[in-house]
Structure formats: C-alpha cells, structure tokens
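Please look over the sequence and structure below.

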Amino acid sequence: MPRTILHQQKQFNPTFALQIFTLAYEGYFQLVQAILEYYQVRTKEAGRNLAILRVNADLRLGPGEFSVVSRAHTKRNSTSYHTPFPPVSRQEAAALVSILEKCIPLAYKLSETPAPAVAPIPVAKP
C-alpha cells in the first residue's frame, strides 16, 4: 500500500503540497503498521506516536529525518482532529516523500518480505 500511495502522490501537481504531505504521512504510517504487525506488536496502549518513534529507529532514520517525521506526526494529529490543517510547504511535503521513498525498501528488508516489482512512477509537472 505505501508504494500505491507513493505512486498516487507523484501524479499530483507539486503545488498541492498539503495533499502530497497527507498521502506521504499516511504511507509512512502504513509502513509503521506493517513493521509492527511483523513483530506482532499492537499499539492500543502505547499509541501511534510511540509506534512511529520505535519504527523510526528500526528504519535507521537519521536525526533530520526523525525530526521531519515527528513534526509531520505532530502537525497532522494536532490539527486534523481539532482545527484546520496549517499551510504545508512544498519542502515539507518533499521531505516526507523522500523519507517514504527511502523507507519502503528498508521495511521490506526488515520484515524479510520480498519487494514486488513495480513500474516507474510517472511524475506530474507543475
């Protein structure tokens, strides 16, 4: 599913930063869920934030990437449930997409799951 999300966001016009950001965040969280399922861990008591932090370490995110994912999680959860989403820059969206692209193959390797063959992703032009 994260590959499908990555494919979908690549078809968006880059000016739709919020939509790209949201798709990348949801794709990343699906990676988190897949890895937790592989380890047979449930997040019911711990919560989504702790699960994301744990998997960030498993996927060997650097401090900058870790910060991007943490800020994305905070931005998405502190606003989408209570207030309108704040503006998202193209740079924020691109950073999250970059992390998702990096982590998909790592998640397959970590879970000892063969990665499916995929066609090249067409990229939308602004």
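**Salt bridges, core and surface**

Glu-26 and Arg-76 form a salt bridge, with their closest N and O atoms 2.9 Å apart; the term requires a side-chain nitrogen of Lys or Arg within 4 Å of a carboxyl oxygen of Asp or Glu. Because Glu-26 lies in helix α2 and Arg-76 in helix α4, the pair ties together parts that are 50 residues apart in sequence. Helices are DSSP runs (H or I, at least four residues), numbered from the N terminus. The model is predicted: local features need pLDDT of at least 70, side-chain atom pairs count only at pLDDT 80 or more, and totals for chains, interfaces and linings use all residues. Residues are numbered from 1 along each chain as its sequence is written, and side-chain values use heavy atoms, with hydrogens and water left out.

Arg-76 is buried at 14% relative accessible area, whereas Glu-26 is partly exposed at 22% (buried is under 20%, exposed over 50%, partly exposed in between; 1.4 Å probe, protein chains only).

The count comes to three salt bridges. Glu-65 pairs with Lys-102 at 2.8 Å between the closest N and O atoms, and this pair ties helix α4 to helix α5. Glu-92 meets Lys-75, also with 2.8 Å from N to O.

The largest nonpolar core has 28 residues, of which Tyr-28, Val-32 and Leu-96 touch the most other members. Such a core joins buried Ala, Val, Leu, Ile, Met, Phe, Trp, Tyr and Cys residues through side-chain atoms within 4.5 Å. Helix α2 gives the most, with 11 residues.

Key. Helices (H or I, at least four residues) and strands (E, at least two) are DSSP runs, numbered from the N terminus.
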